[in-house]
Amino acid sequence: MMLEHVLGLSAYLFSIGIYGLITSRNMVRAFMCLELILNVVNINFVTFFDFFDNRQLKGDIFSIFIIAIATAETAIGLAIVSSIYRNRKSTCINQSNLLNK
């Protein structure tokens, strides 16, 4: 696969993730868009390191670290969302003003 095609796909998916992150009012949707952005970064790491230096596994190792960080972020984020939902009965970003108290 050519580098331009993968970069075009990555740019398209990244723009979808940014648009979803900016316009989402639901916290779960915002987390899903953030995960999409992190997966695009993984695609770029693997593609660049495979295209320019195919003898070493640096891109794959970076991707594994990003997947581990994204998993921890998802677990903590969903715990926060479930706690907010338990208290407020809503996951809307506009209605969660917990810092005002």
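Helix α2 and helix α3 (residues 58–88) pack at an angle of about 175°, their axes lying 9 Å apart; axes are lines fitted to C-alpha atoms over the stretch in contact, and angles run from 0 to 180 degrees between N-to-C directions. α2 is therefore roughly antiparallel to α3, a term applied to angles over 145 degrees. The residues of this contact between α2 and α3 comprise 15 nonpolar, five polar and four charged. Here Ala, Val, Leu, Ile, Met, Phe, Trp, Tyr, Cys and Pro count as nonpolar, Asp, Glu, Lys and Arg as charged, and the others, Gly among them, as polar.

The model is predicted: local features need pLDDT of at least 70 and side-chain atom pairs count only at pLDDT 80 or more, whereas totals for chains, interfaces and linings use all residues. Residues are numbered from 1 along each chain as its sequence is written, and side-chain values use heavy atoms, with hydrogens and water left out.

Helix α1 (residues 3–23) also packs with α2: their axes come within 8 Å and cross at roughly 160°. α1 and α2 are therefore roughly antiparallel to each other. In the contact of α1 with α2 there are 18 nonpolar, six polar and one charged residues.

Within α2 (residues 27–52; helices are DSSP runs of H or I, at least four residues) lies N42.

Note on methods. Helices (H or I, at least four residues) and strands (E, at least two) are DSSP runs, numbered from the N terminus. Angles under 35 degrees count as roughly parallel, over 145 as roughly antiparallel, 65 to 115 as roughly perpendicular and the rest as oblique.
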